[in-house]
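This report goes through one protein chain, feature by feature. Please look at the sequence and the 3D view before reading on.

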Amino acid sequence: MRINWVASAVGIAVALASVAPAMADATARYRCADGTAFTATFTPPAAAKGSVTLAYKTGRKLVLPQALSADGGRYVKDDTEFWIKGNGGTLTIAGKATTCKAKT
């Protein structure tokens with residue numbers, strides 16, 4: 001049940017970014033259709049944009065700044081995009097997309 005709360009907290013953080021810049025980080029674990037697994041730590045915006053840090057089991061970490069999105073939360077850097085909505089999302093790396101779900 002914690003993941004559902006985290007996904008909701010992330011959605012609220014994105015929606016209230018301009019109103020509540022002092023919100024705490026939220027973390028969720030994701031598993032994707034292609035087998036990719038990672039922990040996403042969402043940092044709400046302070047003065048400008050928020051970000052997400054993707055931490056893989058290999059030890060690799062990638063920080064993606066928040067990007068403009070009409071729906072959900074979108075994070076982009078170079079050829080990597082992580083776009084979330086609710087408990088699901090899409091991770092795209094070098095043009096290859098896979099759907100992901102927050103672990104419950």
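Which side chains meet in a salt bridge with R74? The answer is given under the second heading, after some notes on the model.

## Model and overall layout

This is a predicted model, in which local features need pLDDT of at least 70 and side-chain atom pairs count only at pLDDT 80 or more, while totals for chains, interfaces and linings use all residues. Residues are numbered from 1 along each chain as its sequence is written, and side-chain values use heavy atoms, with hydrogens and water left out.

The chain has one helix and eight strands. Helices (H or I, at least four residues) and strands (E, at least two) are DSSP runs, numbered from the N terminus. Read from the N terminus, the order of elements is α-β-β-β-β-β-β-β-β.

Of the 104 residues in the chain, 37% count as buried. Buried means under 20% relative accessible area, exposed means over 50%, and partly exposed is in between, with a 1.4 Å probe and protein chains only.

## Salt bridges

R74 pairs with E81: their side chains meet in a salt bridge, at 2.8 Å from N to O. A salt bridge here is a side-chain nitrogen of Lys or Arg within 4 Å of a carboxyl oxygen of Asp or Glu. Side chains of opposite charge can pair when their charged atoms come close. R74 counts as partly exposed, because its relative accessibility is 22%.

By this rule, the count is two salt bridges. One of them joins K85 and D71, whose closest N and O atoms are 2.8 Å apart. This pair links distant parts of the chain, with K85 in strand β6 (residues 80-85) and D71 in the loop between β4 (61-67) and β5 (73-77), 14 residues apart. K85 is exposed, at 53% relative accessibility, whereas D71 is partly exposed, with a relative accessible area of 41%.

## The disulfide

The structure has one disulfide, a term used for a pair of cysteine sulfur atoms within 2.5 Å. C32 and C100 form this bond, and their sulfur atoms are 2.0 Å apart. C32 is in strand β1 and C100 is in strand β8 (residues 96-102), so the pair ties together parts that are 68 residues apart in sequence.

The torsion about the S-S bond of C32 and C100 is about 90°, so the disulfide is right-handed. C32 is buried, with a relative accessible area of 5%, and C100 is buried as well, at 3%.

## A positive patch

Which residues form a positive surface patch? They are R29, R31, K57 and K103. Patches are made of residues with over 30% relative accessible area and no salt bridge, where like charges are joined within 9 Å and nonpolar side chains (Val, Leu, Ile, Met, Phe, Trp, Tyr) within 5 Å.

R31 is in strand β1 (residues 26-32). R31 is partly exposed, with a relative accessible area of 37%.

## Residues in loops

D78 has a positive phi of about 50° although it is not a glycine. D78 sits in the loop between β5 and β6 and is exposed, with a relative accessible area of 71%. A94, also not a glycine, has a positive phi near 50°. The loop between β7 (88-93) and β8 holds A94, which counts as exposed at 56% relative accessibility.

Is P45 buried or exposed? P45 is buried, with a relative accessible area of 6%, and is found in the loop between β2 (37-43) and β3 (51-56). P45 and Q66 are 21 residues apart in sequence, and their C-alpha atoms are 8.4 Å apart in space.

Terms used:
Areas by Shrake-Rupley, 256 points an atom, 1.4 Å probe, with all protein chains shown as cover. Lys, Arg positive; Asp, Glu negative; His and termini not counted. Charge placed at Lys NZ, Arg CZ, Asp CG, Glu CD.
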